[in-house]
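Let's take a walk through this one together, helix by helix. Keep the viewer open and follow along.

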Amino acid sequence: MLRLEKRPTPSKFWLYATPPVAVILTMIAGGILFAAMGKNPFEVIRTIFWDPLFGEFAFYLRGQLLVKAGPLILIAIGLALGFRAGIWNIGAEGQYIMGAIVGAGVGLAVFPTESRWIFPVMVIAGAFGGWVWAMIPAILKTRFNTNEILVSLMLVYVAETILAKASTGFLKNPEGMGFPGSRNFSSYPAAQNSFIYEPLGLHWGGVAALVTAVLAYILLTRHQAGFQIRLAGQAPRAARFHGVSPARLVVLCMGISGALAGLAGMFEVTGPAGQISIDFNTGYGFTAIIVAFLGRLNPLGIVLAGFLMALTYVGGEMASTNLGLPDAAIQVFQGMLLFFLLAVDVLTNYRFRLAVGAH
Amino acid sequence: MDFGGINPVILIATLMASAVPILLAALGETVVERAGVLNLGVEGMMVIGALGGFIVAVQTGSPVLGFIGGALAGAVLSLIFAALTQVFLANQVATGLALTLFGLGVSSLGGQGYNGIKPPPTEQLLPDALADLPVVGPIFFGHDWVVYFSIAMTAVLWWVLKATRVGLIIRAVGESHEAAHALGYKVNRIRLMCIAFGGAMAGMGGAYVSLARVPQWVDGITAGAGWIALAIVVFASWRPWRVLIGAYLFGGITVLQLNLQVAGSVIPVEYLSMAPYLITILVLVIMSAGRKANGAPAALGQNFHASR
């Protein structure tokens with residue numbers, strides 16, 4: 001009979017080995033799923049993981065990788081800070097939507113003024129929108145001890161109704177002949193998040209994601225606040241004796257993650273999405289939770305995880321057009337990845353022992 | 001007896017039916033959380049139950065079998081959560097979220113080809129003679145069997161948790177797993193059974209959405225009901241009768257805002273449809289304000305590993 005035994009210290013090897021192992025296990029389980037759906041599993045796996053990087057259309061698809069990875073990385077880094085401290089902001093999708101609405105709203109309010117200050121102001125407005133939306137659960141948590149998981153999640157549904165109102169009402173394109181959706185930012189250069197280097201898919205959101213990853217890494221490893229975040233997560237009692245204020249930590253972590261999610265939404269809506277529409281949001285706020293865990297809640301790991309998850313999106317779209325694989329299959333695939341990661345993770349803190357004799 | 005186009009008797013009768021999905025799911029989650037496990041995958045289990053129940057009901061033509069199928073589907077999905085958290089000792093919050101994401105994906109994958117089909121109807125249980133009585137008829141006698149089942153389950157769970165040995169063991173495991181282990185109870189096995197029960201209840205609640213409330217299959221049909229069920233458990237301070245009150249309050253708000261939309265209220269539709277979520281937040285604030293522990297099971301969310 002196998003028995004679990006707690007390791008005296010977490011295994012360094014398994015800490016880094018679990019993500020690759022989980023990816024391989026997901027490929028096997030996903031292959032079985034695809035085979036059960038009557039597809040050739042090897043072909044599907046190759047289309048998802050190989051073709052976007054080295055296939056026939058890789059020159060275009062490689063650029064798409066950063067476009068998809070950017071918002072995922074940006075959101076996931078913010079979430080990871082909170083998750084490390086035991087603060088569960090899972091309403092990033094709502095903060096992402098609100099950042100997009102506020103950021104785009106500022107730009108649309110001054111249409112058609114041309115000034116190079118418009119876009120920077122929109123960036124700040126986007127971050128502010130997400131920050132405000134995250135402050136609601138943060139302040140309710142610190143003032144009334146309300147569960148931040150449930151409140152931040154309820155606010156996603158509220159944000160979605162506001163988005164519906166925005167695209168059919170207060171941000172609707174007045175020249176749109178009655179169709180829902182705002183003006184398209186591609187026809188408003190001063191407010192557009194255009195590509196800096198198109199072959200790589202690099203726009204300002206991608207730049208922000210990579211810079212944020214480096215800053216977050218420095219914050220966590222070199223700064224007092226980062227130390228407090230890690231301490232609060234690993235040893236809450238010790239953190240309190242050390243003088244860490246739980247309330248300030250909640251406001252800090254929720255604020256950062258909200259602002260980053262808002263930024264991601266703003267960059268997305270003014271760039272790849274192009275306009276505020278009822279369904280411009282594609283669930284990045286939820287997928288970012290997987291990215292945060294896959295990246296071991298470590299900013300640099302999250303960058304890698306973001307690209308891997310972007311690969312499943314880009315490759316999944318390929319598999320859907322070329323092989324007729326339903327989009328939902330990719331969602332299942334991503335869910336499985338998180339399951340396997342969580343399961344394999346047991347090896348970091350425990351080891352399996354053959355139990356001999358009576359126990 | 002109408003107030004602004006809204007008949008209070010019909011309002012009460014509809015809110016009882018509309019509360020059934022969240023009531024069943026929240027009752028299941030109450031047992032799970034009383035055993036010290038926080039399963040955030042309620043939404044995923046509900047949506048899988050909605051699909052499973054729908055498929056079984058359409059294939060067999062029997063809504064009763066559909067509800068059983070929904071319960072089974074929810075329980076099977078919850079076993080993934082149970083395996084991860086009880087055997088592999090994974091973080092419960094993360095695993096619960098994964099369960100919701102996975103459940104939504106699987107249901108939209110498995111539901112292809114079931115759009116636009118009507119399921120066999122779930123009929124009113126009691127004869128028309130009773131249901132047609134003025135006022136009391138629609139409220140007490142005009143429902144299908146699941147409504148009565150959900151109320152009966154509230155009573156049964158209240159009794160089991162309060163007055164039986166099984167309830168005592170569940171509460172012991174949830175309050176202090178070390179002590180329960182020392183007494184010889186298999187903590188993780190008891191929790192596993194509670195999780196499966198919670199999954200079955202959530203699945204059945206989901207089946208009620210796709211078989212009786214909507215009734216058809218669309219992607220993401222549960223639309224956040226699972227999260228509201230989680231909020232209601234907190235609102236109810238983990239007590240079955242208060243879960244019933246919470247679910248009926250919430251059902252009432254949902255029905256009222258729908259009625260106001262139909263009656264052409266001055267408040268725009270968008271703001272009415274966000275009302276249930278805002279009111280849930282408000283209720284959570286009122287329930288949690290000023291109390292440190294608010295009656296949560298002491299070992300809620302903590303995994304147990306028997307080192308000895």
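A word on handedness before we start: a crossing is left-handed if the near helix is turned anticlockwise from the far one by less than a right angle, and right-handed if clockwise. This is a predicted model, where local features need pLDDT of at least 70 and side-chain atom pairs count only at pLDDT 80 or more, while totals for chains, interfaces and linings use all residues. Residues are numbered from 1 along each chain as its sequence is written, and chains are lettered from A and ligands numbered from 1 in the order in which they are written. Helices (H or I, at least four residues) and strands (E, at least two) are DSSP runs, numbered from the N terminus.

Start in chain A, with a pair of helices. Two packed helices are described by the angle between their axes and the distance between the axes. The axes are lines fitted to C-alpha atoms, for helices over the stretch in contact, and the angles run from 0 to 180 degrees between N-to-C directions. Helix α4 of chain A (residues 58-84) packs on α12(A) at about 60°, and their axes are 8 Å apart. That angle makes α4(A) oblique to α12(A) (under 35 degrees counts as roughly parallel, over 145 as roughly antiparallel, 65 to 115 as roughly perpendicular and the rest as oblique). The crossing of α4(A) and α12(A) is right-handed.

Who touches whom here? Contact means that the C-beta atoms of two residues, placed from the backbone, lie within 7 Å. On the α4(A) side, the residues include A:Pro71, A:Leu72, A:Ile75 and A:Phe83, and they meet a set in α12(A) that includes A:Tyr284, A:Ile289 and A:Val291. By class, this contact of α4(A) with α12(A) has twelve nonpolar, two polar and no charged residues. For the bookkeeping, Ala, Val, Leu, Ile, Met, Phe, Trp, Tyr, Cys and Pro count as nonpolar, Asp, Glu, Lys and Arg as charged, and the others, Gly among them, as polar.

Now look at another pair in chain A. Helix α1(A) (residues 12-36) and α14(A) have axes that come within 8 Å and cross at roughly 135°, so these two are oblique to each other. Their crossing is right-handed. Among the residues making the contact are A:Val21, A:Leu25 and A:Leu33 of α1(A), along with A:Phe333, A:Met336 and A:Phe340 of α14(A). The residues of this contact split into 14 nonpolar, three polar and no charged.

Next, the place where the chains meet. In all, 36 residues of chain A are in contact with 38 residues of chain B. On the chain A side, β1 (2-6), α6 (118-144), α7 (148-170), α12 (284-294) and α14 (327-344) each supply at least two residues. That side of chain A has 27 nonpolar, six polar and three charged residues.

Over in chain B, helix α4 (residues 63-87) and helix α11 (residues 187-213) pack at an angle of about 140°, with axes 6 Å apart. That makes α4(B) oblique to α11(B), and the crossing is right-handed. Their contact has 18 nonpolar, ten polar and one charged residues.

Finish with α13 of chain B (residues 240-262). This helix has 23 residues and reaches 33 Å from its first C-alpha to its last, close to the 33 Å expected at 1.5 Å a residue; the expected span is 1.5 Å times one less than the number of residues. Which residues of α13(B) are buried? They include B:Val243, B:Leu244, B:Phe250 and B:Ile253, where buried means that 20 or more other C-beta atoms lie within 10 Å of a residue's own, exposed 12 or fewer, and partly exposed in between, with C-beta atoms placed from the backbone. The cover over the buried residues of α13(B) includes α1 (8-18), α2 (20-34), α8 (145-163), α12 (225-235) and α14 (269-288) of chain B.

The loop between α12 and α13 of chain B holds B:Ser237 and B:Trp238. B:Ser237 has a positive phi of about 50° although it is not a glycine, and B:Trp238 has a positive phi near 65°, also without being a glycine. B:Ser237 counts as partly exposed because it has 15 C-beta neighbours inside 10 Å, whereas B:Trp238, with 22, counts as buried. Just after α13(B), B:Gly264 takes a positive phi of about 75°.
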